[in-house]
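Biologist: Hello! Could you walk me through this model, one question at a time?

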Amino acid sequence: MNILTENFATPYHSAPFTSIKNEDYLPAFKELIQKSEEEVDAIVNNSEEPTFENVIEALAYSGEQLDKVSNIFFNLNSAETSDELQQIAQEVSPILTEYSSKISQNEALFNKIKKVYDEKEKYNLNEEQQMLLNETYKGFVRSGALLNEEDKEKLKKISMDLSLKSLQFGQNVLASTNNYFKHITNKEDLAGIPEAILEQYAEEAKERNLEGWVVTLQYPSYIPFMTYAENRKLRKEIALANGKKSFDGGEFDNQNLIKELLHLKQQKAELLGYTNYADYVLEERMAKSPTKVIDFLNELLVKAKPYADKEIEELKSLAKADGIEEMQAYDHAFYAEKLRKAKYDLNDEELKPYFPLEQVQDAVFGLSKQLFELTFEERNDIPKYHEDVKVYEVKENGEYKSLLYVDYFPRKGKRAGAWMTSYKSQYQKDGENSRPHISIVCNFSKPTKDTPSLLTFQEVTTLFHEFGHALHGMLANTQYPTLSGTSVKWDFVELPSQFLENFCYEPEFLKTFAKHYKTGEILPDEKIEKIAQSKNFMEGYQTLRQLGFGLLDMNYHTKVAELENKSVKEFEDNYTKATQLYPANPETAMSPSFSHIFQGGYSAGYYSYKWAEVLDADAFQYFKENGIFNPEIAAKYKVLLSSGGTKDPMELYKSFRGSEPKVESLLKRAFG
């Protein structure tokens with residue numbers, strides 16, 4: 001018996017992690033694909049007249065178990081991978097891509113969908129049903145349903161290649177990250193680095209059976225080193241190692257893979273009748289066109305550049321006092337921290353004791369209760385995939401609402417960064433509201449034998465960010481799984497996450513949880529005030545950095561022909577030069593480890609972080625004007641979160657706010 005093909009005999013049919021063996025996956029995928037294909041065949045072979053119920057709705061509910069198993073497998077491949085799991089991913093990805101192509105290019109199925117779509121006026125569909133019908137029809141057309149047989153085959157091959165190559169891209173970045181470490185035996189080389197971080201480096205060395213200290217390219221190790229290490233030579237060495245990830249011509253180099261991925265995307269777009277891949281992607285986004293995106297990014301660039309230049313001049317004068325004539329990118333974090341300390345008398349190590357992870361988690365749980373009436377109760381009887389993971393049952397007014405998995409600490413098998421994902425979508429069927437299973441994955445410093453996990457303030461905002469996504473998933477209340485939770489337009493998806501970050505800067509809220517883990521002392525008022533003031537610290541620099549990523553992404557996906565005669569490095573330098581504030585380094589490039597656009601879902605979509613910042617600044621301003629815990633506004637915002645993709649996002653936003661978002665809200669928040 002394969003546990004993955006059965007109904008999970010676990011609380012709330014949660015993923016049976018402890019019972020799954022790696023050898024279960026491949027046969028389970030094959031069996032569940034067959035089962036899902038049979039469900040589709042039943043829709044196609046139904047002799048009754050095609051209707052919304054027996055075609056569109058039936059399709060929306062098909063493949064449920066396959067979705068669950070795919071979620072389990074690919075989530076683990078990101079959070080708890082192994083060589084064996086990565087090998088299975090290489091085998092499974094083409095099978096899933098082929099299955100997906102087979103359905104999206106099933107002519108008989110599409111003919112039934114088209115018939116219902118063409119005759120939609122005769123059905124009395126509600127708003128969500130209309131959205132499902134439109135999205136289903138468009139989804140098939142965008143997957144090649146109107147192509148001839150030869151082109152369908154081409155598209156299928158392209159999709160399969162894209163699937164495998166993007167997987168390979170991510171595996172290369174992970175391997176390249178894990179391959180490097182810096183072993184340090186002279187403590188003087190670590191001058192400036194706080195004791196808690198040194199303890200972390202010592203533990204890393206111990207795990208490798210080495211004396212002294214070890215610095216890695218994992219963020220909780222790399223970022224503190226770049227921020228505090230006084231040894232400029234070592235900062236440069238480690239920054240170069242980070243900048244060379246998958247860009248060193250070695251086994252895990254991604255430069256050719258980038259060109260291959262972009263050419264495949266361009267071929268896909270042209271095959272489907274689009275000028276380029278960005279046109280294809282943006283048709284389904286709030287922004288609609290590459291021109292609108294580039295105009296939006298350039299408008300922000302013009303407004304933010306003077307602020308960024310002024311910030312960098314301040315840093316340069318600090319560096320000059322240390323005898324540095326030409327400041328480099330690897331000096332930025334070090335001098336930014338110095339300036340922050342001088343301006344606000346704040347540094348991460350000073351603040352960290354006030355932000356133990358458990359306390360911060362309790363705070364975000366408490367905020368969810370205050371705004372949305374949610375409570376969280378740890379469950380020890382629900383299987384988990386690693387001992388570090390905790391599982392919570394989420395309730396709304398005492399009734400089960402969701403499961404929440406939290407996985408906070410770095411491991412060798414976990415990719416870098418932080419993300420929210422789900423193991424099961426929410427939907428309603430046969431009178432039952434089937435609730436979602438949501439997960440948050442981060443890479444915070446582990447507790448040591450003497451101290452709990454203490455978060456930097458940036459990590460506090462990261463947890464709130466991912467929790468904002470999680471709320472979008474947990475509060476989902478739609479009819480169909482494909483429109484549920486975070487299944488919204490991509491440039492709308494970051495609104496809930498970025499919105500929640502705003503609370504971290506509100507003194508009224510900070511005082512409720514920023515307490516010293518040893519003494520219980522509340523973070524002093526002057527520090528809280530400085531955190532609020534420091535919110536826009538280096539905002540010009542950060543804005544230009546994000547705009548650089550967004551412009552590079554958009555140009556990669558509109559000007560792929562230029563890569564014929566250019567290296568990835570030349571292309572990157574050319575399209576980021578307007579946003580660069582430090583000299584370019586010929587030995588480094590960020591594109592080969594730009595997983596968001598070459599492995600994740602942000603291809604031609606990286607701009608959406610900034611786009612969503614306009615939304616979140618405007619939304620939070622509404623709360624600020626009426627009280628940040630205002631129950632009436634929170635109730636309206638909850639409707640926005642629970643509606644998922646059932647409505648056009650701009651209409652959904654206007655229902656909440658009463659007007660369209662204004663870019664001035666972001667500029668006011670960022671630059672006063």
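Modeller: Gladly. Let me start with a term: a pocket here is an open set of grid points with protein on both sides within 12 Å along at least five of seven lines, and lining residues have an atom within 4 Å of a point. Please keep in mind that this is a predicted model.

Biologist: Which residues lie nearest the centre of the second largest pocket?

Modeller: The space in that second largest pocket is about 520 Å³. Its lining numbers 20 residues, and those nearest the centre are Glu-204, Glu-207, Pro-410, Arg-411 and Lys-446.

Biologist: Which element gives the largest share of the lining of the second largest pocket?

Modeller: At least two lining residues come from each of α7 (149–179), α8 (195–207), β2 (213–216) and α9 (219–228). By class, the lining of the second largest pocket divides into five nonpolar, eight polar and seven charged residues. The largest share, five residues, is supplied by α8.

Biologist: How many charged residues are in the lining of the largest cavity?

Modeller: There are three cavities of 30 Å³ or more, and the largest cavity holds about 120 Å³ of space. Its lining includes Ala-196, Glu-199, Lys-352, Lys-446 and Leu-454. Sorted by class, the lining of the largest cavity has four nonpolar residues, five polar and, for charged, three.

Biologist: In which sense do β6 and β9 pair, parallel or antiparallel?

Modeller: Strands of a sheet pair through backbone hydrogen bonds, in one sense or the other. Ser-422 stands opposite Ile-438 in β9. Between β6 and β9 (residues 437–441) there are five bridges, and the sense is antiparallel.

Biologist: Which residues is Glu-127 in contact with, leaving aside its neighbours within four places in sequence?

Modeller: Glu-127 lies in helix α6 (residues 127–142). Its C-alpha atom is separated by 31 Å from that of Trp-419, 292 residues apart along the chain. With neighbours within four places in sequence set aside, the contacts of Glu-127 are Thr-646 and Lys-647.

Biologist: And what is the radius of gyration of the protein?

Modeller: The protein has 27 helices and nine strands, and its C-alpha trace spans about 80 × 60 × 55 Å along the principal axes. For 672 residues, a compact globule would have a radius of gyration near 26 Å, which agrees with the value for the protein, 25 Å.

Key
Residues numbered from 1 in each chain as written. Predicted model: local features only at pLDDT ≥ 70, side-chain atom pairs only at ≥ 80, totals over all residues. Heavy atoms only, no water. Helix = DSSP H or I, 4+ residues; strand = E, 2+ residues; numbered from the N terminus. Contact = heavy atoms within 4.5 Å. 1 Å grid on protein atoms, 1.4 Å probe; cavity = no way out; pocket = protein on both sides within 12 Å on 5 of 7 lines; lining within 4 Å. Points joined across faces, edges and corners; volume = space filled by probe spheres on them. Nonpolar A, V, L, I, M, F, W, Y, C, P; charged D, E, K, R; others polar. Pairing = 2+ DSSP bridges. Rg over C-alpha atoms; globule rule 2.2 N^0.38 Å.
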